[in-house]
Each structure stands twice: as structure tokens, then as C-alpha cells.
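Colleague: Could you take me through one part of this model in close detail? I would like to follow a single side chain first and then see what lies around it.

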Amino acid sequence: MSEYEYVSTDQTDAVHTIRIDRPAAHNSFDRQLAAELREATYDAVSRDDVRCLVLRGTGATFCTGADLGTLDGDETDESRLRHLATDLHAIVSALVHAPMPVVTGVNGVAAGGGLGLALCGDIVLAAESARFEFAYPRIGLSGDGVRPTSCRASSAFGRPSDSPSVTNRSAARKP
């Protein structure tokens, strides 16, 4: 397996785990993390020895989407955001079309593009600390990583409107 700075991978038997590993920045995407996660995801979904793929975040946050702190507030931002969105879309597509079940383990916040990643799981395991946030409108953007056709978990229930709400925390708890 390749060595990355912001992504870690391991495999136990046929279960391959990818961890987003940039906790100091809330596992947010910069160009390097996005490229590493794309490469790690492509590698995992193409392997014959992987029967289940797990995606999770390291630390207290799953993923908060793009690292807006890396933007300069000038004309270069459009190109940077376009590169991040392109990588995010490639990752989401690879996960949605993966030939094996995908499990996402969500701890803490899954926001923006991180929400899109979280919803790529056939099974989405949410810790008590999990929060799912569609953050784009707060910063004046439309969503790019979240749409009903990219959500594997919701497709198991038919139309996206038939899927259980990810905001209904009490429904997932035992009485």
C-alpha cells in the first residue's frame, strides 16, 4: 500500500480501511489530501482481495469538506475549488460504484463535501457525536458533493424521499 501524508490505509483479512488523517484541520480537503484520498480510494475499489471498504476520519471529526483557509480570496480561488471539487466527485463516484460494500464511520462533523463522503456508504455508522451538515448555503455556495444519486445508503430504500432521515438521532438509539 502507498504511503500518504493525510490518508492512512490498512487491511485486515478482506476489510480495507481508509482513514482521512488530517485532524488538526478537521480532516478538511486541501489539494494534497484530496489527491491522496482519490488515489487510495481508486486503489481500494480496484483490488480483488477487498470484500468490504471502510471510510472514516481520524480524531474528533469525520470530514468538514474543503479547507477554506487555503483560499486566498482572489482570482486563484475558483481554480483551487474546481480542482478540489473534481477530486471529490471522482472519490464519490468511485465509492458509489465500488464493487464491494462501503461502510462509512462518522464521528463528529460530516459537513459540505464530507457529508457527501459520509453518505456514500451502503451502511453509515454514526457515533453519538456525529453531526451531518449541509454547509454550503452558509458560505454562499451550492452543494457539489451531495445529491440523491450519489448516496448509496438511500438507494437501498428506493427513492431518496423514502430513505430514513440522517437527522433523526433518536431513531437510531435503543429505547
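Predicted model: local features only at pLDDT ≥ 70, side-chain atom pairs only at ≥ 80, totals over all residues.

Modeller: T41 has a relative accessible area of 1%, and since the cut-off for buried is under 20%, T41 counts as buried. The residue sits in helix α1. What does the polar end of its side chain find there? A polar atom of the T41 side chain lies 2.7 Å from the backbone oxygen of L37. Leaving aside residues up to four places away in sequence, T41 touches I18, I91, A94 and L95.

Helix α1 covers residues 31-45 and lies across β1, β2 (15-20) and β3 (52-57). Its direction makes an angle of about 175 degrees with β2. Helix α2, in turn, spans residues 77-96 and belongs to a right-handed β-α-β unit, together with β3 and β4.

Now to the sheet itself. It is open and has five strands, in the order β1-β2-β3-β4-β6, with mixed pairing. At the edges are β1 (7-12) and β6 (123-126), each of which pairs on one side only. From one strand to the next, the twist averages 20 degrees.

Where does it make its bridges? On one hand, β3 and β4 run parallel and are joined by four bridges; on the other, β4 (residues 102-106) is joined to β6 by four bridges, and these two strands also run parallel. Because four of the five residues of β4 are buried, the strand is largely enclosed by the rest of the structure.

How many disulfides does the structure hold? The count is zero. C52 has a relative accessibility of 18% and so counts as buried, under the 20% cut-off. C63 is buried too, with a relative accessible area of 0%.

Conventions
Residues numbered from 1 in each chain as written. Heavy atoms only, no water. Pairing = 2+ DSSP bridges. Axes fitted to C-alpha atoms, helices over the stretch in contact; angles between N-to-C directions. Contact = heavy atoms within 4.5 Å. Buried < 20%, exposed > 50% of the residue type's maximum accessible area, 1.4 Å probe, protein only. Polar contact = N/O pair within 3.5 Å; in protein donor to acceptor, adjacent residues only side chain to side chain. Disulfide = S-S within 2.5 Å. Right-handed = clockwise from strand over helix to strand, strands pointing away.
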